[in-house]
Structure formats: C-alpha cells, structure tokens
Amino acid sequence: LTLLIIGAIIAMHYAIACGGSTVAICYKRLWKLLIDRDMQKKDLRLAAGLSTNVIAKLGKNQNVSTEVLGKICKALNCEITDIMEFVDDELEDAGR
C-alpha cells in the first residue's frame, strides 16, 4: 500500500510540474529494452515474478505499482527511466 501511495504522489507531482496537464505512462522503453536483450514478455514475467495480468497492464500502458516497477528493474538490472516515461496525454492521444 505504501508503494502505491508513493507512486501516486510521484504522478501527482509530475502533473503539477507539467503545469497541471494530464500525463500518461508509456512503457515503450521497456519493450525496446526487451528486444535489445532478445527477451520476450514471458521471459520478463518469469524473471521478475510477475503475473500475466501485470504484463497485460504494461502492454496497455496502464498504471502498475512501484513494487512491480522495482521487480522489473531488478530483473533487468536497469533504472526506472530505462523502462518507462511520462508523456503528455494530448501527445499520446494524437499518436493513436
């Protein structure tokens, strides 16, 4: 629960820092990292101990807990900025 609260605070702080505009989370960096390491989503799921539901949420750029993000970073030996980024919702919608 504490990790979820911390994640929410980070997202709110980022939205405020961006002038109050809404932001979305994008995991494109994660998928590129998996390709670069010749890994599939199943490999990540097993290495990080994630459920198929979490992998599905990541694939839809939905929110996941900071605990999940920590597990991914530990399994891939990387930093959080290597797997995700915040993007302006308007830019994300325009790209669809």
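Colleague: Why does Cys73 count as buried?

Modeller: In this predicted model, Cys73 has a relative accessibility of 12%. Buried means under 20%, so Cys73, at 12%, is classed as buried.

Colleague: Where is Cys73 found, and with which residues is Cys73 in contact?

Modeller: Cys73 is found in helix H5. Leaving aside neighbours within four places in sequence, Cys73 is in contact with Cys78, Glu79, Ile80 and Ile83. Cys73 and Leu30 are 43 residues apart in sequence, while their C-alpha atoms are 9.7 Å apart in space.

Colleague: What makes Cys78 and Cys26 buried?

Modeller: The relative accessibility of Cys78 is 12%, and Cys26 has a relative accessible area of 2%. Since the limit for buried is under 20%, Cys78 is buried, and Cys26 is buried.

Colleague: Which residues does Ile83 touch?

Modeller: Not counting residues up to four places away in sequence, Ile83 touches Cys26, Tyr27, Arg29, Leu30, Leu33, Leu69, Ile72, Cys73, Leu76 and Cys78. Each of these is a contact because heavy atoms lie within 4.5 Å.

Colleague: Which residues have the most contacts inside the largest nonpolar core, and how many residues does this core have?

Modeller: The largest nonpolar core has 21 residues, and those with the most contacts inside it are Tyr27, Leu30, Leu44, Leu58, Ile72, Leu76 and Ile83. Two or more residues come from each of helix H2 (28–36), helix H3 (41–48), helix H4 (52–59) and helix H5 (66–76). Helix H5 gives the most to this core, with 5 residues. In soluble globular proteins, nonpolar side chains tend to be buried together.

Colleague: How many helices and strands does the protein have, and in what order do the elements run?

Modeller: The protein has 6 helices and 2 strands. From the N terminus on, the elements run α-β-α-α-α-α-β-α.

Colleague: What share of the residues counts as buried, and what share of the accessible surface belongs to carbon and sulfur atoms?

Modeller: Of the 96 residues of the protein, 28% count as buried. The accessible surface comes to about 6,500 Å², and 56% of this surface belongs to carbon and sulfur atoms. As for contacts with a separation of 6 or more, residues 24 or more positions apart account for 66%.

Colleague: Why is Leu46 called exposed?

Modeller: Leu46 has a relative accessible area of 55%. Exposed means over 50%, so Leu46, at 55%, is exposed. Leu46 lies in helix H3. The C-alpha atoms of Leu46 and Ala75 are 9.4 Å apart in space, and the two residues are 29 residues apart in sequence.

Colleague: What makes Arg45 partly exposed?

Modeller: The relative accessible area of Arg45 is 23%. Buried means under 20% and exposed means over 50%, so the value of 23% places Arg45 in between, as partly exposed. Arg45 is found in helix H3 and, not counting residues up to four places away in sequence, touches Leu50, Ser51, Thr52 and Ile55. Arg45 and Ala75 are 30 residues apart in sequence, with a C-alpha to C-alpha distance of 9.5 Å.

Colleague: How do you know that the charged end of Lys41 sits over the ring of Trp31?

Modeller: The charged end of Lys41 is 4.6 Å from the centre of the ring of Trp31. The distance limit is 6 Å, and the charge must also be within 35 degrees of the ring normal. Lys41 is therefore described as sitting over the ring of Trp31. As for pairs of aromatic rings, the structure holds 0.

Colleague: Where are Asp38 and Asn61, and are they buried, partly exposed or exposed?

Modeller: Asp38 is in the loop between H2 and H3, and has a positive phi of about 55 degrees although it is not a glycine. Its relative accessible area is 70%; exposed means over 50%, so Asp38 is exposed. Asn61 is found in the loop between H4 and H5, with a positive phi near 55 degrees in a residue other than glycine. With a relative accessible area of 23%, Asn61 is partly exposed.

Key. Residues are numbered from 1 along each chain as its sequence is written. This is a predicted model: local features need pLDDT of at least 70, side-chain atom pairs count only at pLDDT 80 or more; totals for chains, interfaces and linings use all residues. Side-chain values use heavy atoms; hydrogens and water are left out. Rings of Phe, Tyr and Trp (its six-membered ring) pair if their centres lie within 6.5 Å; planes under 30 degrees apart count as stacked, over 60 as edge-to-face and the rest as tilted. Buried means under 20% relative accessible area, exposed over 50%, partly exposed in between (1.4 Å probe, protein chains only). Helices (H or I, at least four residues) and strands (E, at least two) are DSSP runs, numbered from the N terminus. Accessible areas come from the Shrake-Rupley method with a 1.4 Å probe; for residues, only the protein chains shown count as cover. A nonpolar core is a set of buried Ala, Val, Leu, Ile, Met, Phe, Trp, Tyr and Cys residues joined through side-chain atoms within 4.5 Å.
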